[in-house]
Amino acid sequence: MRLFRLPHWTRCLQLLRMILVLSLVLTSFQLLARNSQDQGRERYVQNPTLYRTVEIDGLSIFYREAGPKNAPTLLLLHGLPSSSRMFEPIFARLADRYHLVAPDYPGFGHSDWPDAKKFSYTFDHIAEIMNHFDQALGLSRYTLYMQDYGGPVGFRMVLAHPDRIEALIVQDAVAHNEGLGANWKTRRAFWEPFSPL
């Protein structure tokens, strides 16, 4: 009863506080109820990413694959120092409309890391392995997405088998050795003992 003897504005303020507290309590109960209902419920993903390996020229090549196989195929070639994992956001956005395939090159990600004394880590050799990879997966026509190191690898794939390529997507990649420029002087020193480009 004391509430009604207070000045008008004070009563209004106290009433608003009570309404606010009650609404917060009700909202909390609703959120708890909703969370308890969601637990135990599995969410269906229409085109989940699959993680696979295939043997190419005696090496285990890891790759990610998603999307319907009858959809247009995108073969995604990663950069340095990366792996197919860099394409997870693309997989999340495009797997409902495209067949996405992203391999890890030898010496990258989850693929085999052969000894540099026995394996030639050149763009020519990696492109050859990627050409064998696309054939092992039965990819006869695809769009080639090339990022960074994917450029020198992918352009060599295009030159070797232009009939397989429907389109090119080039992101921050060079097409020739001179295009690497002075910024690559330090990196070039690392690969020169093994083999020139």
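Hi everyone. Let me start with one term: a helix crossing is called right-handed if the near helix is turned clockwise from the far one by less than a right angle, and left-handed if it is turned anticlockwise. Keep that in mind, as we'll be looking at a predicted model in which helix 3 passes helix 4 in a right-handed crossing.

First, the whole chain. There are five helices and six strands, and along the sequence they follow the pattern α-β-β-β-α-β-α-β-α-β-α. Of the 197 residues, 36% count as buried.

Now to our pair. Helix 3 covers residues 123–136 and helix 4 covers residues 150–160; their axes lie 8 Å apart, at an angle of about 60°. That angle makes helix 3 oblique to helix 4.

Which residues meet there? From helix 3 we have Phe123, Asp124, Ile126, Ala127, Met130, Asn131 and Asp134, and they meet Pro152, Val153, Arg156, Met157 and Ala160 of helix 4. Sorted by class, this contact has eight nonpolar, one polar and three charged residues.

Let's stay with helix 3 for a moment. Its buried residues include Phe123, Ile129, Phe133 and Asp134. What covers the buried residues of this helix? Helix 4 is part of the cover, and so are strands, including strand 1 (50–56), strand 4 (99–103) and strand 5 (142–147).

Finally, have a look at what follows helix 3: glycine 138, with a positive phi near 75°. Thanks, everyone!

How values were computed
Residues numbered from 1 in each chain as written. Predicted model: local features only at pLDDT ≥ 70, side-chain atom pairs only at ≥ 80, totals over all residues. Heavy atoms only, no water. Axes fitted to C-alpha atoms, helices over the stretch in contact; angles between N-to-C directions. Helix = DSSP H or I, 4+ residues; strand = E, 2+ residues; numbered from the N terminus. Parallel < 35°, antiparallel > 145°, perpendicular 65-115°, else oblique. Contact = heavy atoms within 4.5 Å. Nonpolar A, V, L, I, M, F, W, Y, C, P; charged D, E, K, R; others polar. Buried < 20%, exposed > 50% of the residue type's maximum accessible area, 1.4 Å probe, protein only.
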